[in-house]
Amino acid sequence: MSVSMSAYGSALRVTVEFAGGIDAHVKPECLQMVDGAKLARIELPRRLDDSRAPTMRSLIAHVAQHCFASGAELFSTDDELRPGILAIINDADWEITEDGVDKYDYVLQDQDAIVFVSTLHGG
Amino acid sequence: MAAAERIAQVRARLAQLRAEELALEAELCALEPEVEPEPEPEPGSIGGSNLSRDDIQRYSRQLLVPEIGVRGQARLRDSAVLVVGAGGLGSPCALYLAAMGVGTVGLADHDAVDVSNLHRQIAHTAAAAAAGARKTVSARAALGRLNARCRVRTHDALVDSANARQILGAYDVIVDATDNAATRYLLNDACVLLGRPLVSGSAVRLDGQLTVYNHNGGPCYRCLFPAPPPPAAVATCAEAGVLGVVPGVIGTLQALEVVKLLTGRKAAEPPSLLLFSYASHPHFRSVRLRPRSPACAVCGDAPTVTALAADYPAFCGAGPTDAAPDWQILADPAQRVSCRELSRALQAMAQPDPQPGSQPQPDSQPQPDSQPDSQPQPDSQPQSDSQPQPDSQPQPDSQPDSQPQPDSHPSLLLLDVRDQTQFEICRLPGAVNIPMDQLARRRAELEQAIAALRGGPVYAICRRGNLSQLAVQYIRGTLGYAECYDVAGGLVGWQAEVDEGFPIY
């Protein structure tokens, strides 16, 4: 993605987990065991090239590009999640945001814990 | 009489009784789809509560719990709960509902018991699988054995747009214990239109999910998932597998959520999604969910779905069962061969000395030859990238024809494109395993194997002849090698057409 480390200070660090089956497509080398959980540590610049702060949209594009060997099309189309995948931010459904804020425009905070979970249908 | 002889007699008698029980249950099911519970003893006449003496004894340990008590128990007794899907989720859920004293339990399923169900669908028995019993009949027998005071209604039908209202309407709570997206959307919409809470569970592989929809200002299924997932992203238990206890965990928790709904406890809880995984630590994670969406197509302020007229399978791009797909990707039938044709090709190159250890051995025909090959076998190294092997996992017992035979070249390549886990379950002798999703990455290896053929044919095979068509497209298209054919029907077809001793999973 068109981001680069810049003079705005240290990187923004978030953790990303994948669950519900979409995890099967994630490159193993992207994941590490942290306190019993397999997660990806993602670093983004605090300001993108257009000087805006990284959002969920930026994260989804970054993850799609860097964390998937194949099956990225099951995760997202460009920078939006495919139907059937929920984003969870700090243990809450990402739709629980301030009124009027597009969920994709949620501005990532340092140490945010994000989970992308694909919905299951089997039984 | 020798003990061994008596043991054999008793076992035979038990098997007979088990089969007989099912036959009788099926007959009863046809005569009275609704079990009339044992007559109610005089309630409340002695002791002052509105529970009968029998109920007080039976549910005493539950009555002692203040959150349940006499009031909660009476609520359970006076309630009707429908479990849609008498499978891995529905089995434990329905068993617990009946055991705990829910007065009426409905069972809806359109399927018969199969032996591959038994590792997780614990309401059913080996006898039911052997007899091919209806799941409703088999599960009704299980509930009846547990608690004859429970009224069990069976609906031996696929719940669809036409019958959903009528079936669901008679129940207070609906449990979604189904196995496919189309029925999940249908049940959601029916519950919204009927004003019923929906206790939704799901499980695949090592993961489970649980949510109560359409309750107390919380979201419905469509609020969370307005659009269905692409069918390619939907994993079913039949294709992706499932660890038996995982739906057991979720189905049991569905019964718990039903109790909370019936006692009123659930009204005090904000909407949440419970995630379970075998692999995660801790196993459970609860996520807060959004409230009902005003823009939702069915439960929103201006709904567009106002009746169950929709074609749910078309909406989801997949049918209402987890039956295996039957893809027709290769338009040209000349690019596919039957299993019999493959068998003839393998026999034509057969050598008199069969490879030891290759399995399974078709016993009804000469051993198709493992292919002699001067190249190292592509599958001789366990793949460590996408599927790390558990420590205790035995390696494939044989690497077919690993001895180099420098003076010969293989006359054909049998390319098995299933993942390594499936390849280890069963395979044809001589098959070379490169999983479909690794073909591009292992292109050099594949091209080397094809070059060694000196023009000989490549046969691509998989479980059912679906994925292997993509492999043929890749080899013909990207690699430009036209002597490449799909084995139509795959290994399932091999069992049906060539060797009935070949194991199928």
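Helices (H or I, at least four residues) and strands (E, at least two) are DSSP runs, numbered from the N terminus. The model shown is predicted, and local features need pLDDT of at least 70, side-chain atom pairs count only at pLDDT 80 or more, while totals for chains, interfaces and linings use all residues. Residues are numbered from 1 along each chain as its sequence is written, and chains are lettered from A in the order in which they are written.

**View 1. B:Cys237, a position in helix H11 of chain B.** Helix H11 covers residues 237-240. The UniProt annotation "active site", from an unreviewed entry, covers B:Cys237 and B:Cys462; such annotations may be inferred rather than shown by experiment. B:Cys237 counts as buried because 25 other C-beta atoms lie within 10 Å, where buried means 20 or more such atoms, exposed 12 or fewer, and partly exposed in between, with C-beta atoms placed from the backbone.

**View 2. B:Cys462 in a loop of chain B.** This loop runs between strand S12 (458-461) and helix H17 (467-478). B:Cys462 is buried, with 25 other C-beta atoms within 10 Å. Leaving out residues up to four places away in sequence, B:Cys462 is in contact with residues including B:Asp416, B:Arg418 and B:Gly490, contact meaning that the C-beta atoms, placed from the backbone, lie within 7 Å.

**View 3. Two residues listed by UniProt under "binding site" (unreviewed entry), B:His119 and B:Asn180.** B:His119, in the loop between strand S2 (104-108) and helix H6 (126-131), is exposed because it has 12 C-beta neighbours inside 10 Å. B:Asn180, in the loop between strand S4 (173-176) and helix H9 (181-194), is buried, with 24 C-beta neighbours inside 10 Å.

Key
Contact = placed C-beta atoms within 7 Å.
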